[in-house]
Amino acid sequence: MKNIKNILFQYWYLFPLIILVAIIEIYMNKKKKECKIKKKKEFFKKNTENGKEFEKFIGKKFEESGYIVVYHGIEKGKFDQGIDLICTKDNELILIQCKNWKVHNKYKIDHEKLKAFIGSCTEYVNNNKLFHKNIKLKFITSNDILDKSGKHFLEKSKTLEYEILEFKK
């Protein structure tokens, strides 16, 4: 106990320095965290804009083919229930999910995402009582971003159509 008091007494002048270093460390960690958050927000905003541009690109293709297109994803944002475009022509209704992801992205479309889209479409049709329509479900991407389970699911599916439409700004 006496040794500890002697050590504390001899090195008292270091305590403010230790406290200063701790404060600087806390400040730097806070700044790093703020920077990461800012980068994530910028990344999300950029990807959201790229997604909207791709949705418009796909929507225009359907408009050129005579469809009336509702830009559901752009209008509803996060609350689009996974349905980006609603295209109608005569008695035909096409519900579309668009993905403009890079090929070398860590995210891939798996069977779960495809099943979730089918479920969202089924709910949309039921809620809006659209049973009289000739309904098609399409999943359109700008690149081949399906994983093995997604490809296997689509091989067996009679419900969902998949298409790759190259998109260049």
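Two residues are in contact when heavy atoms of theirs lie within 4.5 Å, and by that criterion 55% of the contacts in this protein between residues at least 6 apart in sequence join residues at least 24 apart. The structure is a predicted model, and its secondary structure comes to five helices and five strands, which run from the N terminus in the order α-α-β-α-β-β-α-β-α-β. The protein has 169 residues, of which 30% count as buried, and its accessible surface comes to about 12,400 Å², with 59% of that area belonging to carbon and sulfur atoms.

**Nonpolar cores**

- The largest nonpolar core holds 19 residues, and those with the most contacts inside it are Ile83, Leu95, Leu114, Phe117, Leu137 and Leu160.
- Strand E3 (92-99), helix H4, strand E4 (134-141) and helix H5 are the elements that give two or more residues to this core, and the largest share, six residues, comes from H4.
- Apart from this core lies another, of 14 residues, with Tyr67, Leu85, Ile96 and Cys98 among them.
- In soluble globular proteins, nonpolar side chains tend to be buried together.

**Surroundings of phenylalanine 117**

- When neighbours within four places in sequence are left aside, phenylalanine 117 is in contact with Gly82, Ile83, Leu95, Ile96, Gln97, Leu137, Lys138, Phe139 and Leu160.
- Of these partners, Ile83, Leu95, Leu137 and Leu160 are also listed, together with Phe117 itself, among the residues with the most contacts inside the largest core.

**Packing of helix H4 against helix H5**

- Helix H4 (residues 111-127) and helix H5 (residues 148-156) pack with their axes 7 Å apart and at an angle of about 45°, which makes H4 oblique to H5.
- On the H4 side the contact is made by His111, Leu114, Lys115 and Ile118, and on the H5 side by Ser149, Gly150, Phe153 and Leu154.

**Lysine 56 in helix H2**

- Lysine 56 lies in helix H2, which covers residues 14-64, and counts as partly exposed because its relative accessibility is 44%, a value that falls between the limits of under 20% for buried and over 50% for exposed.
- Beyond residues up to four places away in sequence, lysine 56 touches Tyr71 and Ile74.
- The C-alpha atoms of lysine 56 and tyrosine 71 are separated by 7.6 Å, although the two residues stand 15 residues apart along the chain.

Definitions and conventions: Residues are numbered from 1 along each chain as its sequence is written. This is a predicted model: local features need pLDDT of at least 70, side-chain atom pairs count only at pLDDT 80 or more; totals for chains, interfaces and linings use all residues. Side-chain values use heavy atoms; hydrogens and water are left out. Helices (H or I, at least four residues) and strands (E, at least two) are DSSP runs, numbered from the N terminus. Buried means under 20% relative accessible area, exposed over 50%, partly exposed in between (1.4 Å probe, protein chains only). Axes are lines fitted to C-alpha atoms, for helices over the stretch in contact, and angles run from 0 to 180 degrees between N-to-C directions. Angles under 35 degrees count as roughly parallel, over 145 as roughly antiparallel, 65 to 115 as roughly perpendicular and the rest as oblique. A nonpolar core is a set of buried Ala, Val, Leu, Ile, Met, Phe, Trp, Tyr and Cys residues joined through side-chain atoms within 4.5 Å. Accessible areas come from the Shrake-Rupley method with a 1.4 Å probe; for residues, only the protein chains shown count as cover.
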